[in-house]
Amino acid sequence: MSFSTDKIKIERIKTDFLIIGAGAAGCFAAYEARRLNPNIDIVILEKAHIDRSGCLAAGINAINAYINAGQSPESFLEYVKKDSMDLIREDLVYSIAKEVNHAVDLLEEWGLPIPKDENGERYARGRGSIIVQGERIKPIIAQAVKSTKAKILNRVVVTNLIKKGNKILGAYGFGVRDGKFYIVEAKATLVATGGAGGIYKPNNEGNARHKIWYSPFNTGAGYAIGIRAGAEMTTFEMRYVSMRIKDLMAPTGAVAQGVNAQQVNALGERYLEERYGAIGGRQMPTSARLLATLQENAEGRGPCYLDTTHLTKEQAERLKAYYLHMTPGLTLYWSVKSTSPNNDPPEIVGTEPYIVGGHAQAGYWIDVNRKATLENLYAAGDVAGGAPKKYVSGSGVEGMIAARDINSKLSSLNHEEINDHEIKEEIHRVFNHIEKQNISILPDELELRMQKTMDDYAGGISSGYILNEQKLSKARKYIKQLKEDSKYLYASKDGVTPSLHELMKCHEVIDRLDVATVLIEHLSYRKETRWPIYQSRGDFPNRDDKNWLKFVNSVYDNKSGEVKIVERECKPISLLTAK
Amino acid sequence: MGILIDQNSCNGCGFPESETPCNMACPGDLIFMQSNGKAEICCNADCWDCCACIKICPQQAIELQLPFEITGKEGSLKARAYREKTIWTTRDANGNEEIFETPARNESSLKNLINPEEFSDVVDSYKGISKSFTDLGQGI
């Protein structure tokens, strides 16, 4: 090994409050911390650029956690609980419900266009959702953060938390543009990155492989740094699989709720009501609507559609424009085919599984202040566990809650000395992949193999999302092997020239392998089927409230590579006292 | 594929003296500057079709194209971000164009706190396009 860590330039920064990830959760946290405390020093580390990073890069056309007229925080909680088969952290979900409208008011203040009817009311799209014209939402949020004068470091890939005993002292990272190694020491650290896409083989292949619903650049770093530091994680087994518009994998809400398009099969039947009335018809939980769709295909009545043929030509044009706020490729798709939703209704399919706490509930085990199980560490948004269906507005709320707690404790928190040897070790771990070894594996190769392994053995699309113990034990064995192999990763696209971009891709694979390792143990431990599709056990096909209405949590030991599972009680809150 | 950067239209935006908008905007770190000073995408298969680079390019040198395996024939999407709106143009294989306009941002209560220079997501040379905005709130 000729690589020397001495060649790497080091940038050392000290701050009060470190935010990892400049998405909704991180940005709202920075805004709230500054609002409460004009003197707090804030540093934000962002893998891309704050103006256009993560899930919101293309924009959004609805905000899906909102209390509309006639609804209440209590009814929101009831809905999330029912849709998540009764197993949620009610304290977390309720704390989100109470403030989602405040988060939306802030977004509107910052400049987000939200259309209103003649009475000045925001347009409801379904019970818990409103229409927004959010193509520019990310730059708008970014401007609000820039007004706080927080120090924003763009293009820094976070690689690990800095840990001493049970305490988190900040984070390490590297600059994907400047090649520097960053050491950010902080009194408190908030992990606010996106979830993990790209663990499973996606719907499309080849040049279309990144036509996926979730941001392909959200690769689970926020989970992975917590896993490696030994933070307790919860409910990774509740994966998120979503029903999407085929090919472009565009969200369906604008069609299903926006223009009330019904799910129809190839025979033109409204199959949810006509064939699945016994499990709730159109009122069935989100994942069951996809399950019914898969069933229609399995029984030879596919493809299935969202029926938009009732739209007028003008409505269809508006729908095309509406998608420009979120999935512009879909608008192009209709144009290229010279069709329109009124004569070419979108086909619906299931995506590959994602690990994402903003939709399902995989993430850090946190208290109601969003504090994780390690000292001075917080989590909010997609990486925070236990609170599904929080989306953009709920992620913002979680960021604000964390910022308040951090601000209130700031005077009692201190910086601590970091061990020099540890810094050297991390620099070596991060940068050694820019040196070619006698065996070399390219990040794209390892990613493909990881995705294939997970698809084959851990309930991907090709197996109808079905899990069993025998397949999971193969997944466990192969992912362990791939983790071993990851030491041969060479940060190069062509196998000849190394680049910082490919170094980032090396760490994106390494991070996802750690997420997959924990995910497999969670999937294996829960011996029931609680969330069909998200978590469907072929060998334990029924829901078992007697034994399994509880949380499956895990703590990873970075030295031994062992995942220790711990069970946690599911505690309903009393709404009477909570009010 | 994802985006096509027209190498004749790209003028490099003053690189290397200044950061270029497309290179800054890409959430996937996919756009790089070549030794001839023009921008290029390093791996089109990694593009998410978010259009951040397309909207911000002052030369309108970038367009979105769908992968052959998905649509099978050519067509493209161009867009341009202005202060209050974004103008989009789709083109099918026969060259038929459709123009869309979407609202982008309202006046912000923070406007006094932010230097207008910091609004880095906007192309400022908007001269006006006649097609009016349809209110999307109604009927959707």
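In this predicted model, the side chains of B:Lys55 and A:Glu135 meet in a salt bridge, with N and O 2.8 Å apart. Side chains of opposite charge can pair when their charged atoms come close. The rule finds six salt bridges across the interface of chain B and chain A, and the count over all chains comes to 60.

**The interface of chain B and chain A**

- Contact between the two chains involves 70 residues of chain B and 71 residues of chain A.
- About 5800 Å² of area is buried between chain B and chain A, and carbon and sulfur atoms give 57% of this area.
- The rule also finds 25 residue pairs in polar contact across this interface, both residues being at pLDDT 80 or more.
- Several elements of chain B give two or more residues to the side that touches chain A, among them helix 1 (21–25), helix 2 (52–56) and strand 5 (76–81).
- Strand 6 of chain B provides the largest share of that side, namely five residues.
- By class, the side of chain B that touches chain A consists of 34 nonpolar, 18 polar and 18 charged residues.

**A salt bridge between the chains**

- The side chains of A:Lys505 and B:Asp46 form a salt bridge with an N to O distance of 3.0 Å.
- A:Lys505 belongs to helix 16 (residues 500–525) of chain A, while B:Asp46 lies in the loop between strand 3 (39–41) and helix 2 of chain B, so the pair joins two chains.
- Both A:Lys505 and B:Asp46 are buried.

**Salt bridges within chain A**

- A:Asp247 and A:Lys246 meet through their side chains in a salt bridge of 3.1 Å, N to O.
- A:Asp247 has a relative accessible area of 11% and is therefore buried, the cut-off being under 20%.
- A:Lys246, at 31% relative accessibility, counts as partly exposed.
- A network of salt bridges links A:Asp86, A:Glu237, A:Arg526, A:Glu528, A:Arg530, A:Arg543 and A:Asp545.

**Helix 12 of chain A**

- Helix 12 (residues 391–409) of chain A has 19 residues and reaches 27 Å from its first C-alpha to its last, close to the 27 Å expected at 1.5 Å a residue.
- Of the 19 residues in helix 12 of chain A, 16 are buried, and the helix is thus mostly covered.
- Within helix 12 of chain A, A:Asp405 and A:Lys409 lie four residues apart, about one turn of the helix.
- A:Asp405 forms a salt bridge with A:Lys409, and their closest N and O atoms are 2.8 Å apart.
- A:Asp405 is buried, with a relative accessible area of 8%, whereas A:Lys409 is partly exposed, with 32%.

Technical notes. Residues are numbered from 1 along each chain as its sequence is written. Chains are lettered from A and ligands numbered from 1 in the order in which they are written. Side-chain values use heavy atoms; hydrogens and water are left out. The expected span of a helix is 1.5 Å times one less than its number of residues. Buried means under 20% relative accessible area, exposed over 50%, partly exposed in between (1.4 Å probe, protein chains only). Contact means heavy atoms within 4.5 Å. Buried area is the accessible area (1.4 Å probe) that two parts lose on being put together, summed over both. A salt bridge is a side-chain nitrogen of Lys or Arg within 4 Å of a carboxyl oxygen of Asp or Glu. A polar contact is a pair of N or O atoms within 3.5 Å; within protein, one must be able to donate a hydrogen and the other to accept it, and residues adjacent in sequence count only if both atoms are side-chain atoms. Ala, Val, Leu, Ile, Met, Phe, Trp, Tyr, Cys and Pro count as nonpolar, Asp, Glu, Lys and Arg as charged, and the others, Gly among them, as polar.
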